[in-house]
Amino acid sequence: MNTIYKRSKQIFAPALIAGCITMAGCQKDWLAPEPLSFYNPDVTFNDPAGLRATLVACERNMRLEWYGDAPPMVTESIFSDIAVEGTTDKSGPAQNLNLLITPDAQLNSGDYNKIGWYWLEGFKGIKYANVAISRIDQPTYKNEQEKNEILGAAYFHRAARYYRLTQQFGDVPLILDEVIGPKLDFQSTKREVILQKMKVDLEFAEQWVPAVTDKGTVNKGSVSHLLTKVNLALGLFDDAIKSASNVIDGGTHKLMTTRFGVDASKANRNVIWDLHRPANKALGANTEGLMLVIDRLNIDGNMPDGIQLMRNTVPFWHNNINTPAGNRGTIDTYGIEIDQITTLGRGIGRVRPTYYSQEGVWDDKKDLRHAPGNWTRMEDIVYNNPAIKANDPYYGKNLQLRNAAGALLTIDTIRCWFDWPNYKLFIEDPQRIQPQGGNTDWYVFRLAETYLLRAEAYAWKGDFVKAAADINAVRTRANCSPLAPAKVNIGTVLDERARELYFEEPRKTELTRVAYIFAMTGKPAPNGKTYNMESFSESNYFYDRVMEKSDFYNKGVKTRHADEYTMSPYHVLWPVPQSAIDGNVQGRINQNKGYNGFQNNVPALTSIPQ
């Protein structure tokens, strides 16, 4: 049996390993484990398999970011230049960020946002990893390699959470050991100190983690890829080039440039389509995936509701769209004469892409990532409501946004009318007659991103020839013309990331990382401005880029429910949930500037706490 399926049977081990974290109340420690009465860690972790179970807990924790209704990745996307929250029939979703994003607001709900989820689950992942790290000397090992493989994988998982937390929240508590008893005196540690420690840990892991492991587990390529992000975040561009080159030139991972997998024989498809088929992501033949999360139908420990990707990212195309004759034109019924629900999915338009990500970023008409068949446009859909077949001449014809007089044919262009990358977002869903996105593996890190990270490092150094070469490795695979070195800057790197990594990369995290680098270095940004760390929350590249690229925020755009899209420069960092601050009664977790509570901050730690 494939080891993926064997490992999934351990998926519920986290409940025994570390209990749960709470964000509410002063009486409970939000990072302390609550082991069940029959759980004895001194026995459980006498065997390497016990420590490996903590890594399974980390893997499952990592998977949660993409799965279920309103997955956390929605929040990463809408706090960026590529998308906004598209739910338009009620207040609460993160649209008016100036009003709704506060430390004591609802920060962990599908109806609002998942900022609090990232805080909570980030520290859960750290807690699981710390169990393995703190108890690494407890078992007896076959050899040093076995021990250091487990330690290196645990270092990876801890570093992955801290990389995200430091780009989402800035300075946060640094916890390097298993928390066993009550602890209510956490202190914020400077972001740079945390990242420097993660760099040291990842460099150790890079030496010991194998190049080839079971799909869904930590391998050397994923470690080096994460190390590249940490190196960039620290402004260590030569180190970032080295760690990225370890992946690109390491001999294990290669870009997929020829047809492969389940649809390889279909002439109307292409390698971009193949790359994102669920059945192809974890194939042995797929040399591009570095880190994946694994979720399959009918295996123990899978996600019961699947990824629901189409529900969240596909427009509400089956409602509120009329024909020019004034009749309801589209419907989500399956099995009818023109059954479109099976091929498009039942979307509700929660992730509403901006004009930038739909049209503005696309600079080559040959680009397979934006080509018919891979990319779905609203005009590709037809009026399919059986009730109008007999009396409406538009039945079976392609949708129109406006009638001959120029009047809109939908009451909601935000939620119901936008184009999307069907090749990436279409996920088979055999358990639902109205598919929303079923069980599927998903890329966490992919080699195409490694090329773009190295391109970014070269661009920071001013080596635009090498930066262009790395960007073009990704572009030419997608059938695009190469980009000239003279055209390259950090903005063009971010553009290529938007084209290649839509709803794969945590876009807010990466934009904030880039904003930090501009502030740390003082280098001029593509917009001609320079930034500094002292005024980071008042003036930063993150905010200026979103304002430049988004056609929603601060443009006066309102939803049907009259909620206006707003954003401010301080949203470069998210608010630390107030419940986490209040529960930490013997210490001080700092709040970010721009949010209530910042005035109570104390200097963050500038060294690793003992």
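On a 1 Å grid over the protein atoms alone, I take a cavity to be a set of points where a 1.4 Å probe fits but cannot get out, and a pocket to be an open set with protein on both sides within 12 Å along at least five of seven lines, with lining residues having an atom within 4 Å of a point. This is a predicted model, in which local features need pLDDT of at least 70 and side-chain atom pairs pLDDT 80 or more, while totals for linings use all residues. Residues are numbered from 1 along each chain, and side-chain values use heavy atoms, without hydrogens and water.

Entry one, cavities. I searched the whole structure and found five cavities of 30 Å³ or more. The largest cavity has a volume of about 360 Å³, a volume being the space filled by probe spheres set on grid points joined across faces, edges and corners. Of its 25 lining residues, M62, E65, W66, A160 and R164 are the closest to its centre, and α8 gives the largest share of the lining, six residues.

For the largest pocket I noted a volume of about 470 Å³ and a lining of 21 residues, with D171, K190, L573, N592 and F598 nearest its centre.

I looked up residues 490–500 and found 11 of the 11 buried, so α20 is largely enclosed by the rest of the structure (buried means under 20% relative accessible area with a 1.4 Å probe, protein chains only; helices are DSSP runs of H or I, at least four residues). At the start of α20, I saw a side-chain oxygen of N489 within 2.8 Å of the backbone nitrogen of G491.

Key: Buried < 20%, exposed > 50% of the residue type's maximum accessible area, 1.4 Å probe, protein only. Helix = DSSP H or I, 4+ residues; strand = E, 2+ residues; numbered from the N terminus. Polar contact = N/O pair within 3.5 Å; in protein donor to acceptor, adjacent residues only side chain to side chain.
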